[in-house]
Amino acid sequence: MPIIIRDSTLEARLQRHLQSTGSRSVEEALLRLLDTQEEQDRWLLENSDNINAKIANGIAQLDRGEGIPEDQLDAHLAN
């Protein structure tokens, strides 16, 4: 199946990706990208309950006023 890329920005990104990863062909680069995306999708699906629980916990903390004030956030994250 031939694939035609008409977007010059996308083509440039793909060329940079080929150079930076050492992929030998567009097919190899696409295979790597698809494998990576499928792995991320699988991980998110397997961990969605835990992720959602952590988000709900964070929202509950904010609702209780337990959030970190914005002016203190940088210092908190630096720890």
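**Salt bridges, a nonpolar patch and a pocket**

Glu28 pairs up with Arg24 in a salt bridge, their closest N and O atoms sitting 3.1 Å apart; the term covers a side-chain nitrogen of Lys or Arg within 4 Å of a carboxyl oxygen of Asp or Glu. This is a predicted model, so local features need pLDDT of at least 70 and side-chain atom pairs count only at pLDDT 80 or more, while totals for chains, interfaces and linings use all residues. Numbering runs from 1 along each chain as its sequence is written, and side-chain values use heavy atoms, with hydrogens and water left out.

Glu28 also forms a salt bridge with Arg32, here with the closest N and O atoms 3.9 Å apart. Those two residues are four apart in helix α2, which means about one helical turn separates them. Helices here are DSSP runs (H or I, at least four residues), numbered from the N terminus. Arg24 counts as exposed because its relative accessibility is 74%, whereas Arg32 is partly exposed at 38% (buried is under 20% relative accessible area, exposed over 50%, partly exposed in between, with a 1.4 Å probe and protein chains only). The structure holds three salt bridges, and one of them joins the side chains of Glu66 and Arg64 at 2.8 Å, N to O. Glu66 is partly exposed, at 44% relative accessibility.

On the nonpolar side, Met1, Ile3, Ile5, Leu10, Val26, Leu30 and Leu33 make up a surface patch with about 670 Å² of accessible area together. Patch members have over 30% relative accessible area and no salt bridge, with nonpolar side chains (Val, Leu, Ile, Met, Phe, Trp, Tyr) joined within 5 Å; areas come from the Shrake-Rupley method with a 1.4 Å probe. Helix α2 (residues 26-63) gives the patch its largest share, three residues. Leu33, found in α2, is partly exposed at 39%.

The largest pocket has a volume of about 370 Å³, taken as the space filled by probe spheres set on the grid points. A pocket is an open set of points on a 1 Å grid with protein on both sides within 12 Å along at least five of seven lines, and lining residues have an atom within 4 Å of a point. Of its 14 lining residues, Ile5, Leu10, Leu14, Val26 and Leu30 lie nearest the centre. Helix α1 supplies the largest share of the lining, six residues.

Note on methods. Patch = residues over 30% accessible without salt bridge, like charges linked within 9 Å, V, L, I, M, F, W, Y side chains within 5 Å. 1 Å grid on protein atoms, 1.4 Å probe; cavity = no way out; pocket = protein on both sides within 12 Å on 5 of 7 lines; lining within 4 Å.
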